[in-house]
Amino acid sequence: MKAGVSFLSYLGVLLSAVLFCGSVRGEEVLAAAPIFGDHMVLQRDLELPVWGVAEPGAKVTVSFGGKEFEGGARDDGQWRVVLDAQEASAEPREMVVTSGDLELKFEDVLVGEVWLCSGQSNMAFKVGKTTGAEEAIAGATNENLRLNTSAGWSVASPESVPGFSGVAYYFGRQLEAELGVPVGLIARAAGGTPVEWWTPAAHLERVDFAAEAMKNPSNEWVAYEASVAEWKAKVKDVGRKDAGKKPAPVGSAEEGVLAGIYAPGEPGKLWAQHFAPIAGYGVGGAIWYQGERNSKAGVEAAGAYRELLGNMITSWRESWGQGDFPFLAVQLPTFSGGGEGWKIVQEGQAAAVSDVPKAGYVDVRDLPDDGLHPKDKRSVGERLADLAVGEFVE
């Protein structure tokens with residue numbers, strides 16, 4: 001252990017190795033962030049940061065494409081090495097990370113287009129539940145299409161595709177076919193989630209509506225939600241009859257949605273969980289399908305969506321540090337049960353992408369009203385791919 005590095009600091013490095021992809025030998029440690037793994041795709045034509053943890057002060061070497069790139073771990077063990085820009089290649093290659101006697105090896109690495117795929121339930125909607133799923137899954141084998149979830153990277157196949165995002169898969173399949181280069185899709189989506197949870201919490205303060213809502217959360221609604229959680233636990237333990245009546249709401253449903261969005265600890269939580277750990281990994285762009293939750297939080301909240309989405313796009317780009325990568329949104333579909341807030345968010349989506357550079361959206365309102373979760377995700381994904389190729393990607 002290097003002099004001047006505390007035991008607690010070094011212990012943090014060792015614990016990081018458990019969370020990262022790495023190994024420990026005695027006092028030596030070498031790990032890479034979990035986004036790096038077998039079957040990954042690296043973004044073409046872009047300098048590529050690779051990072052992780054190692055013995056404090058240790059030299060770290062990353063080998064890829066016949067070249068070696070060197071860096072060193074800081075006193076806290078964090079290391080970062082930047083690779084030269086790589087041309088697209090479907091040739092499976094190895095990336096090797098070494099430090100002292102320790103080595104990490106990532107196999108079957110391709111270079112091409114890497115896209116973030118995020119949002120709420122319509123982005124999370126699985127291929128296996130989409131229209132035409134059986135045919136899509138049967139023909140899903142594609143060595144040049146790679147899928148990344150929180151569990152890691154996999155090659156597109158009848159085994160890996162059914163549980164993957166439908167919009168993302170159909171987008172990636174079309175993108176790979178049109179560009180003729182490998183495509184990697186990083187999917188992070190969660191049902192029922194607002195745009196505020198996918199934005200770095202500190203950056204939300206740049207939007208007046210969000211800053212005020214975070215400053216003055218509804219304590220009554222927070223207490224109500226806690227009482228409902230206690231009631232549900234009691235129902236589970238003693239049954240509905242003995243648990244008594246469910247606590248009565250303290251306001252309107254819209255007030256409840258808004259309070260839930262801005263409850264202490266909620267804003268920014270999905271950014272911190274899913275994107276903060278991978279921010280900086282080379283990407284070519286992002287696709288986004290979200291807005292349903294925000295449309296239910298009241299007219300004023302829906303009216304703030306334009307600024308909130310534009311701020312999120314800017315925040316992602318700032319955090320990635322790769323300039324204004326393309327950002328493509330899906331406008332909410334036709335939905336008879338959407339109400340006034342739904343239409344306001346639709347308008348806000350179209351306006352938000354005009355407020356920032358290199359952004360666009362696909363209008364899917366011409367597709368049949370198939371409820372809150374339309375099953376035709378192929379049309380959505382392919383329209384996104386056509387927009388990407390037609391205006392943003394060469």
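Which residues are buried in helix H9 (residues 253-261)? In this predicted model, the buried positions of H9 are Gly256, Val257, Ala259 and Ile261, where buried means under 20% relative accessible area, exposed over 50% and partly exposed in between (1.4 Å probe, protein chains only). These buried residues of H9 pack against helix H7 (219-238) and helix H11 (292-295). An α-helix has 3.6 residues a turn, so residues three or four places apart point the same way.

Residues are numbered from 1 along each chain as its sequence is written, and side-chain values use heavy atoms, with hydrogens and water left out. Because the model is predicted, local features need pLDDT of at least 70 and side-chain atom pairs count only at pLDDT 80 or more, while totals for chains, interfaces and linings use all residues.

The pLDDT, which is the predictor's confidence in each residue from 0 to 100, averages 93 over the chain, and 93% of the residues score at least 70. Confidence is highest in strand E12 (residues 183-189), at a mean of 99, and lowest in helix H1 (residues 7-19), at 43. Over residues 1-18 the pLDDT is below 50, and this stretch has 29 contacts in the model beyond near neighbours in sequence, a contact being heavy atoms within 4.5 Å. Where pLDDT is low, the predicted coordinates should not be read in detail.

Turning to the chain as a whole, there are 15 helices and 15 strands, taken as DSSP runs numbered from the N terminus (helices H or I, at least four residues; strands E, at least two). For 394 residues, a compact globule would have a radius of gyration near 21 Å, and the 23 Å of the chain agrees with this; the radius is taken over C-alpha atoms, and the globule rule is 2.2 Å times the number of residues to the power 0.38. The C-alpha atoms fill a box of roughly 65 × 50 × 45 Å along the principal axes. Of the 394 residues, 52% count as buried. Among contacts with a separation of 6 or more, 73% join residues 24 or more positions apart.

Most residues other than glycine have a negative phi. Histidine 39, in the loop between strand E2 (28-32) and strand E3 (41-43), has a positive phi near 75°. At 28% relative accessibility, histidine 39 counts as partly exposed.

Alanine 263 and asparagine 216 are 47 residues apart in sequence and 9.4 Å apart in space, C-alpha to C-alpha. Proline 326 sits in the loop between helix H13 (305-320) and strand E14 (327-330) and is buried, with a relative accessible area of 4%. Leaving aside residues up to four places away in sequence, proline 326 touches Trp115, Gly284, Gly285, Ala286, Arg317, Lys358 and Phe392. Proline 326 and arginine 240, 86 residues apart in sequence, are 51 Å apart in space, C-alpha to C-alpha.
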